Amino acid sequence: MQRLSPGATIGILGNGQLGRMLCLAAARLGYRTHVYGPETDSPAEQVASQSTVAAYDDEKALAAFADAADVVTFEFENVPAAAAAFLAAHTQVRPTWKALEVCQDRVKEKQFFASIGAATPNWKPLNSLQDLESAVRSLEPPAVLKTARLGYDGKGQAKLHSAGDTKAAWDAITGGKPIQPNGAFAVLEAFVDFRCEISVIAARGQDGKVVCFEPSENDHANHMLATSTVPARVPAETVAEAIRIATKAAEALDLVGLLAVEMFVTPSGAILCNEMAPRPHNSGHWTQDACGTDQFEQMVRAVAGLPLVDPMRHADAVMHNLVGPDVNDLDRYLSDPHAHIHLYGKREARPGRKMGHVNVLRPKI
Ligand code: AMP
C-alpha cells in the first residue's frame, strides 16, 4: 500500500459539492487538495488548496493538474474517456477507468450486475423507436425509458404507463432529434412497484479491504433524493444481502475508493439493483454526523492508502436535502440542536439546485 504523507496533494476531478466535502475531509487528514472543473466559483474551489478552472478536454491544463497531484480521484463518474486515459498516463488514478466506464453506461452497469449474480429490473437495450416498440411488446408497461448515458435525478427518463405512450416517451428522451448512439442509446426497464429504495456505500482500500455503511432508506421528490433515513426500515436479512451485493460489486470492479449502490426492495423482500456510482453519494451524507468516520473520510483514506475503519454509527439519522428555495427556510434547523447543517456555498437558489443538506440526529435505538 502506498501511503500519502501529510502535505501531499489529492487531485479531484470535478468541483461540485461532493468535491467540496471531499476537500474538507482531506484537509482534516493533513492533505492538500487541487480541484479541476469548468465552473468558476464552484463549491469545491471555495475550500480547496488549489483550483484549475478548465474544460475536461484541455490536455495542457489536465497535464499540469496531474503533474501537481500525488494521486487523482473523481467526484463524478461522467469523465470523458480521453481525459481519464490522459490522467492515468501522467499520475496514479483511483478508482481506475474500469469502474468509471461501467458506471457511466446503464447497459454496461446492468451487464455487470448480472455478472456478479445481482438481480436488476427486467430490461432491454435499444437504439431506435422501432427497438422501443419491440421492447414494449416483450416488457409490458408500466416501464421506464432511460438514456444509457448522462441521466441523473430523473433527467433523460420517461415513464410509459401503457404502450400508447411509446412515441411520446421516445420523443421526451431524444428531444425529437436524431440520435447518435455510442453503444446502446437507451434502455427500457420494467417499472418496479417497490416497497422502498435503499442504498449502500461501500469503501474499498488499496489492501482490498471493504467497509460498508449500512443501507439508508431513500425517499425521492420530483425525481430527486429528498431524504435518507437510517436505520432503513427493512429486515436484518435485507441489510445483510444489500451489504453483500455492494461488497461483491466493489471487489469485482477492483475499485479503490467508494461505490454507492442504489437498490429497490420489492414487496416480497427481493433486492433489485438500480444503479451505482464510484464516488461519494448524496444518500451517504447522513454518515457525516451519525458515524465516527464518514463516507468522505473513507474515500480519502482509500485513495491515500490509509487503512479503512469501522464507521461506528452512533446515532439514528434523517438527512434532508435542501433543494432550491428550501435553503431559505433554515431558521427551523438553526434553532434545533439535533440538526447539523451543511451548505454548499452556492449563491443562487435556482429551482432543482442542490444547495445543502441537514442531518437530523436522534439517539440510536
Ligand atoms: P435513476 O436515475 O435510475 O436512479 O432513477 C431515479 C429514480 O426514479 C429512482 O430512484 C426511482 O425512484 C425511480 N425509478 C427509476 N427506475 C425505476 C424503475 N424501474 N421502477 C420504479 N421506479 C424507478
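In which helix does Ala 168 lie? Ala 168 belongs to helix 7 (residues 166–174); helices here are DSSP runs of H or I with at least four residues, strands are E runs of at least two, and both are numbered from the N terminus. The structure is a predicted model, in which local features need pLDDT of at least 70 and side-chain atom pairs count only at pLDDT 80 or more, while totals for chains, interfaces and linings use all residues. Residues are numbered from 1 along each chain as its sequence is written, and side-chain values use heavy atoms, with hydrogens and water left out.

**The ligand and its surroundings**

- Among the 15 residues around the ligand, Lys 146, Gln 157, Val 192, Glu 197 and Glu 275 come nearest; a residue is near a molecule if one of its heavy atoms lies within 4 Å of it.
- The shell around the ligand consists of six nonpolar, three polar and six charged residues. In this scheme Ala, Val, Leu, Ile, Met, Phe, Trp, Tyr, Cys and Pro count as nonpolar, Asp, Glu, Lys and Arg as charged, and the others, Gly among them, as polar.
- Domain 2 (122–190) and domain 3 (196–363) each give at least three residues to this shell, with domain bounds taken from an automatic or database domain assignment.
- A polar side-chain atom of Arg 106 lies 3.1 Å from an oxygen atom of the ligand. A polar contact is a pair of N or O atoms within 3.5 Å; within protein, one must be able to donate a hydrogen and the other to accept it, and residues adjacent in sequence count only if both atoms are side-chain atoms.
- The side chain of Gln 157 has an N or O atom 2.7 Å from a ligand oxygen, and for the side chain of Glu 275 the corresponding distance is 2.8 Å.
- The ligand taken alone exposes 470 Å², of which the protein buries 92%; accessible areas come from the Shrake-Rupley method with a 1.4 Å probe, and for residues only the protein chains shown count as cover.
- Strand 6 (143–147), strand 8 (186–190), strand 13 (257–265) and strand 14 (271–277) are the elements that give two or more residues to the shell.

**Aromatic pairs**

- The count of aromatic pairs comes to seven. Rings of Phe, Tyr and Trp (its six-membered ring) pair if their centres lie within 6.5 Å; planes under 30 degrees apart count as stacked, over 60 as edge-to-face and the rest as tilted.
- Tyr 56 and Phe 76 form a tilted pair, with 5.3 Å centre to centre and 40° between the planes. Tyr 56 is in the loop between strand 3 (50–53) and helix 2 (59–68) and Phe 76 in the loop between strand 4 (71–74) and helix 3 (81–90), so the pair ties together parts that are 20 residues apart in sequence.
- Both Tyr 56 and Phe 76 are buried; buried means under 20% relative accessible area, exposed over 50%, and partly exposed in between (1.4 Å probe, protein chains only).
- Phe 194 and Phe 264 form a stacked pair, 5.1 Å centre to centre with 0° between the planes. The pair links distant parts of the chain, with Phe 194 in the loop between strand 8 and strand 9 (196–204) and Phe 264 in strand 13, 70 residues apart.
- Phe 194 is partly exposed at 32% relative accessibility, whereas Phe 264 is buried at 8%.
- Tyr 36, Tyr 56, Phe 65 and Phe 76 are linked into a cluster by ring pairs.

**Arg 204 and Asp 254**

- Arg 204 is in strand 9 and is buried, with a relative accessible area of 11%.
- The side chains of Arg 204 and Asp 254 make a polar contact (3.2 Å). A polar side-chain atom of Arg 204 also lies 2.9 Å from the backbone oxygen of Leu 255.
- Asp 254 lies in the loop between helix 8 and strand 13, and its phi is positive, near 55°.

**Helix 10**

- In helix 10 (residues 295–304), 10 of its 10 residues are buried.
- At the start of helix 10, a side-chain oxygen of Asp 294 reaches to within 3.1 Å of the backbone nitrogen of Phe 296.
- Gly 305, which follows helix 10, has a positive phi near 80°.

**Backbone features**

- Most residues other than glycine have a negative phi, and most peptide bonds are trans.
- The peptide bond from Arg 94 to Pro 95 is cis, with omega near -5°, and the bond from Val 230 to Pro 231 is cis, with omega near 5°.
- Met 312 has a positive phi near 50° and is exposed at 56% relative accessibility.
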